[in-house]
There are 2 protein chains.
Amino acid sequence: MDNHYQIFPVGTIKKQDRSVFVEIYKEYEDALYGLDQCTHIIVFTWFHENDAPEKRKVLKVHPRGNKANPLTGVFATRSPVRPNLIGLFLCKIISIEKNVIQIEHIEAFAGSPVIDIKPYIPRIDSIPNPE
Amino acid sequence: MDNHYQIFPVGTIKKQDRSVFVEIYKEYEDALYGLDQCTHIIVFTWFHENDAPEKRKVLKVHPRGNKANPLTGVFATRSPVRPNLIGLFLCKIISIEKNVIQIEHIEAFAGSPVIDIKPYIPRIDSIPNPE
């Protein structure tokens with residue numbers, strides 16, 4: 001499997017006191033136009049601290065790093081160790097000022113590269129009663 | 001912004017008659033271990049047909065390609081034209097046989113590269129009453 005695709009960071013996660021921000025690089029600011037109509041965004045990050053060939057080969061993990069949790073395939077977990085290091089976080093928007101989105105909270109670390117943002121659309125992104 | 005990350009396809013979308021499959025490459029099959037405990041998965045695809053530098057520079061689009069829809073930032077839409085060509089689809093699992101997941105439906109084209117799979121976890125992936 002020699003083919004691959006390139007991902008470019010479009011911003012970064014910033015944290016200051018208790019405030020959390022998705023800061024989009026200036027050159028991508030136009031891509032936020034209209035986002036003020038949304039209440040929540042889906043933030044895609046890159047788990048850059050795990051971007052090493054040996055970590056990206058790991059296919060099973062003990063969830064939450066706890067050996068008491070049985071080995072599970074990474075596609076069945078939210079592990080930050082996986083073949084493609086994509087993080088997915090649903091976040092509530094507090095405000096948008098130019099290229100900076102203040103959000104309520106994110107489970108990603110400060111300094112995480114942001115690689116995409118999508119509007120959260122309940123009709124396609126949620127299942128009322130999964131069974 | 002010279003730094004970038006590499007994404008490797010881990011599978012592909014297949015459609016046959018009315019059946020839809022996420023076929024994971026054999027070498028990633030172990031990553032599915034335990035996924036049979038889930039009812040729904042989040043499938044990440046790559047919009048490979050748009051992987052050209054000029055398309056990836058587009059920051060505003062008319063949603064759904066309809067000029068009647070006002071120009072909107074790509075981060076405020078689900079457009080398949082965006083800086084990083086990540087597609088996100090919530091899918092119901094029908095069955096899992098070795099490296100092949102049969103799903104109920106996906107809005108992605110047959111042949112789309114699959115780049116990640118995560119379990120859908122309502123507590124973190126959905127907002128009951130967004131406001």
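I first looked up how β1(A) meets chain B: 3 bridges join β1(A) to strand β1 (residues 5-7) of chain B, and the two run antiparallel. Strands here are DSSP runs (E, at least two residues) and helices likewise (H or I, at least four), numbered from the N terminus. Two strands count as paired if DSSP finds at least two bridges between them. For Ile7(A), I found Tyr5(B) as the bridge partner in β1(B).

I noted that this is a predicted model, in which local features need pLDDT of at least 70 and side-chain atom pairs pLDDT 80 or more, while totals for chains, interfaces and linings use all residues. Residues are numbered from 1 along each chain as its sequence is written, and chains are lettered from A and ligands numbered from 1 in the order in which they are written.

I then turned to the contacts between the chains. I recorded 52 residues of chain A in contact with 52 residues of chain B (C-beta atoms, placed from the backbone, within 7 Å). On the side of chain A that touches chain B, β9(A) gives the most, with 5 residues. That side divides into 32 nonpolar, 11 polar and 9 charged residues. Nonpolar covers Ala, Val, Leu, Ile, Met, Phe, Trp, Tyr, Cys and Pro; charged covers Asp, Glu, Lys and Arg; the others, Gly among them, are polar.

Last, I examined chain B. I traced 6 strands that close into a barrel in the order β2-β3-β8-β7-β4-β9, with antiparallel pairing. Within chain B, 2 bridges join β2 (residues 11-16) to β9 (residues 113-119). I found that Gly11(B) has Val114(B) as its bridge partner in β9(B).

Definitions and conventions:
Contact = placed C-beta atoms within 7 Å.
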